Amino acid sequence: MSRINIILALALIASALAVVQAQHRSRTYFVELERLKKESRALDEQWGQLQLEQGTWANPARVDALARAQLGLVEPQADRIHVETWTGRP
Amino acid sequence: MSSRSRKLLKLHLEPWRMLAVGGLLLGGMVLVAGRALYLQGINTDYLQGKGNALTNRNLTLPAHRGQVSDRYGQLLAISTPVESLWARADELKLNPVQQAQLAKVLDMPLQDLSKKLARKTRGEFSVRRPVTPEQAVRIAAMGVPGLYLRREFRRYYPAGEVSAHVVGFTNVDDLGQEGVERAYQDWLAGREGARQVVRDRRGNTIRDLAPIKTAQMGGNLALALDLKIQYLAHRELSAAVATHKAKGGSVVVLDAKTGEILALANQPNFNPNNRRNYEPGPMRNRAVIDTFEPGSTIKPFVAAAVLERGLYHPDSVIDTPETWRVGNKLVRDLHPRPQMTVSEIIQRSSNVGAVKLAMSLTPQQYWEVLHRSGFGELPGSGFPGETAGRLRDAALWRPVEHATMAYGYGLSVSLLQLSRAYMAFANDGEVMPLSFLKREPQEIVGERVFSPSVAREVRAMMEAVTQEGGTGTRTRVPGYRVAGKTGTAHKLVDGRYAPDRYLSSFVGMAPASNPRLIIGVAIDEPSGGVYYGGSVAGPVFAQVMAASLRQLALPPDAPETETRMTERGPSIATRTGGGA
C-alpha cells in the first residue's frame, strides 16, 4: 500500500513540476513574441520614415531646381526631338 | 502549605467576568469569521480585483493613419513618429552651461530659449515639437532633469504645396479637415483596438487574458493624381499668375477616357506642412468650390445643341452683323464679319453668331442641353465642398437672359464642372464620372450626353480655334492636334460688369484625333495689360499639355509629321520644320 502511495506522490510532484515548467516556457515564448511584434512595428515605422525621406528628396520641385541650377539641364526644344514610330514588325 | 495560604492562592474569579471576556472574544472571532466568510465567499470581487490590479492591464492599440499616394505610389501624405521636447516645470533644473548647450542644439538664440523655459512655472509644456532625430539624440545625452522627449505621430506632406489643395490636411487630433484627407477620413483613420494582458514584475507582457481586439490600421489611399503632371501644372500656373499679375487661377487635368483627375492646381497656394499662419483664402480649392461665369467657353455647347437638332450644319452660313439687339441689350462682336459659318462662329468666338444660334432654340431646349452637360449639377468628384454652380430654370429666362447665356453670362460654373462637360466632346459624346481616386482599368459606365457624330463635329470646330484665324493660336502643342475653346469673361463686381476685370479661360483637349487629356485653365483678373483667354490661359494650357502628353508618351498626331520609310526596319516619323 505505502509503495503505491510513494509512487503516486512522486508522480504528483513530477507532474506539478512539469506544469510549472510548461507555464514558464509559455511565458518566455510569449515575451519573445511580443518583442518580435514590437520589432515589426518599429521596422514598419522606419519604412514609413524612409519613404518620407525618399519623397522629400525626390520632390519634383527640388529635382527641377537642382537639374536646372546644378546640372544645367534644359527641356529639349521641338526641333531637337526626333520621334520614332514602331510599325509593329519585330 | 497552610490552609490559609491555600485560600490566598485560590483564584477568586467572579463567574460573570469570565463569561464577559469569553463572550467578547467569541464575538470578536465571530465577526472576523463572518468578515472572512463575506470576503472569501460572498463578495469575492473586491479582493480579486485588488489582486488583478497588480498584474492585469487594459491596453489600447493605436491605429496608424493610412498613407495617401499618387497613382504611381509617390507619397503625398504620411504619418510618421517624431520626438518632441517637453519640460516639466517643477522638475526642470538647467544651469547656464547646459542652457547654452541646449540653445546650440536647438539652433535658437539663448534669450529666446530662456524666455521659453521660464514661461511656465507649473505643469508640463512643450519646448520644441518636433525635434530632429539628431537633436533628440544629443538632448537625451545631456541628461537634464525635467526635460524629456515624447514620441508623437505627425502628418507630413512630402509634396508640400504642390498637391496641397487636393490632399488637404488634418488637425491636431488627426481628423481630416480639408480635401481628400477629409473626404476619406473613415478609410484613412482606421479603428483602435484593445487587449487585456497580464504583466510581470519587470513590466513584460506575459499573457493575454481575452481575445485581442486588433486595431484596424488606416487604409492607404491611391489617388488618380500624377505627381509629375501635378507639379508641372502647379509650376506653370504660378508662373502665369505672377507674369500676368493675376488674383489667382486654377488648372485641372482630366483623363478623357477614364474621368480620373490627373492634376488639380490652384493659386494662391499654401504649405500644409507649416500652417502656423492660417489664412482661409489660399486654402480654398478654387477649381472645385468657386464658380465663375464661363464666357465664350460655353459656345461649343450652343453649337452642339443646334447641330443635334439638325437646325444647322457646321458649314451653314449665318448673317452676323456687327451688333445685334435683343430686348434692351446690344450684343457686339470684337472681330466682326458680315457672315460666318457655324464653324467660324466657334473659331472666331462670335457673340452675335452664338446668340443667333441659341435663339433658334426655345429656352427649354437650350436649358436641357446645358443641364445634360452637367451645368447646375454636382460634378460628383466626392470632394468636400464641391459646388454645383448655378443654372436657372428655363421658365424664368427672359429673352435677354436667353441671349446672354449663349455667350456665357447668366450662369455660373466651376472649372472642374466645365472641364468635365468638355469630356463630352473629348470622349465622342460620353462623359465618364470623375474620380480623385485611382481607377482600375475596368468597365466604367459613362453618361451619354451627345451622339458621337455631333461630338466629333464640335471637336473639329474647336480644332479650328487653335489654327490660323482662331482665337487660340497660342495653345498649340508641337506635333499634336489640339482642340479647345477660349473664354474672356467680364467679371461681375457689385452687381455690375466691370469693364476692365476679366476671367481668362481656356479648356482644351489633345490629341484631337483621339483625345486622352482634357486641360482646363482659368486665370482670375490678369492685370498686366493682356487679358484674352487665348493669350493668358492659352500658353499655360500649351505648356502643361505638352508636358503631360510627353509624360504619358502619347504618339504625335499632327499632320506635319510625315513618315519616311528607310531601307530596313521600321518607318521613322520626323517633324518637318515649324510648329508653334
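Okay, one definition before we start: when I say polar contact, I mean a pair of N or O atoms within 3.5 Å, where one must be able to donate a hydrogen and the other to accept it. And a reminder that what we're looking at is a predicted model.

With that in hand, go to helix 14 of chain B. S350(B) caps the N-terminal end of that helix, with a side-chain oxygen sitting 2.9 Å from the backbone nitrogen of G353(B). Now look at what surrounds the helix. It runs over residues 351-359, and seven of those nine residues are buried, so the helix is largely enclosed by the rest of the structure. If you want to click through the buried ones, they are N351(B), V352(B), G353(B), A354(B), V355(B), L357(B) and A358(B). Notice that G353(B), whose backbone nitrogen takes part in the cap, is on that buried list too.

What does its secondary structure come to? Chain A exposes about 7,700 Å², and carbon and sulfur atoms supply 64% of that. On the charge side, I get 11 positive and 10 negative side chains, with the centres of the two sets 15 Å apart.

Which brings me to salt bridges. Over all chains, the count is 28.

Let me start with one that crosses between chains. R195(B) pairs with E34(A), and their closest N and O atoms are 3.0 Å apart. R195(B) is in strand 8 of chain B, residues 193-199, and E34(A) is in helix 1 of chain A, residues 2-57, so this pair joins two chains. Are these two partners buried or exposed? R195(B) has 9% relative accessibility and counts as buried. E34(A), at 14%, counts as buried as well.

Which residues form salt bridges with D428(B)? One is R459(B), with the closest N and O atoms 3.0 Å apart. R459(B) is buried, at 7% relative accessibility. Another is R456(B), at 3.5 Å from N to O. R456(B) has 45% relative accessibility and counts as partly exposed.

Now a few backbone details in chain B, starting with the cis peptides. Q267(B) and P268(B) are joined by a cis peptide bond, omega about -5°. P268(B) sits in the loop between strand 12 (261-267) and helix 11 (286-289). The bond from A510(B) to P511(B) is cis too, with omega near -15°. You'll find P511(B) in the loop between strand 20 (496-510) and strand 21 (517-524).

Then the positive phi values. D107(B) has phi near 60°, and it is a residue other than glycine. D107(B) is in the loop between helix 4 (96-106) and helix 5 (110-118). E525(B) has phi near 55°, again in a residue other than glycine, and its place is the loop between strand 21 and helix 19 (533-551). Which of these is buried and which exposed? D107(B) counts as exposed, at 67% relative accessibility. E525(B) is buried, with a relative accessible area of 11%.

Last stop, N43(B). This residue lies in the loop between helix 2 (15-42) and helix 3 (44-55) of chain B, and at 25% relative accessibility N43(B) counts as partly exposed. From N43(B) to Q185(B), 142 residues along the chain, the C-alpha atoms are separated by 47 Å.

Conventions:
Residues numbered from 1 in each chain as written. Chains lettered and ligands numbered in written order. Predicted model: local features only at pLDDT ≥ 70, side-chain atom pairs only at ≥ 80, totals over all residues. Heavy atoms only, no water. Buried < 20%, exposed > 50% of the residue type's maximum accessible area, 1.4 Å probe, protein only. Helix = DSSP H or I, 4+ residues; strand = E, 2+ residues; numbered from the N terminus. Areas by Shrake-Rupley, 256 points an atom, 1.4 Å probe, with all protein chains shown as cover. Lys, Arg positive; Asp, Glu negative; His and termini not counted. Charge placed at Lys NZ, Arg CZ, Asp CG, Glu CD. Salt bridge = Lys/Arg side-chain N within 4 Å of Asp/Glu carboxyl O.
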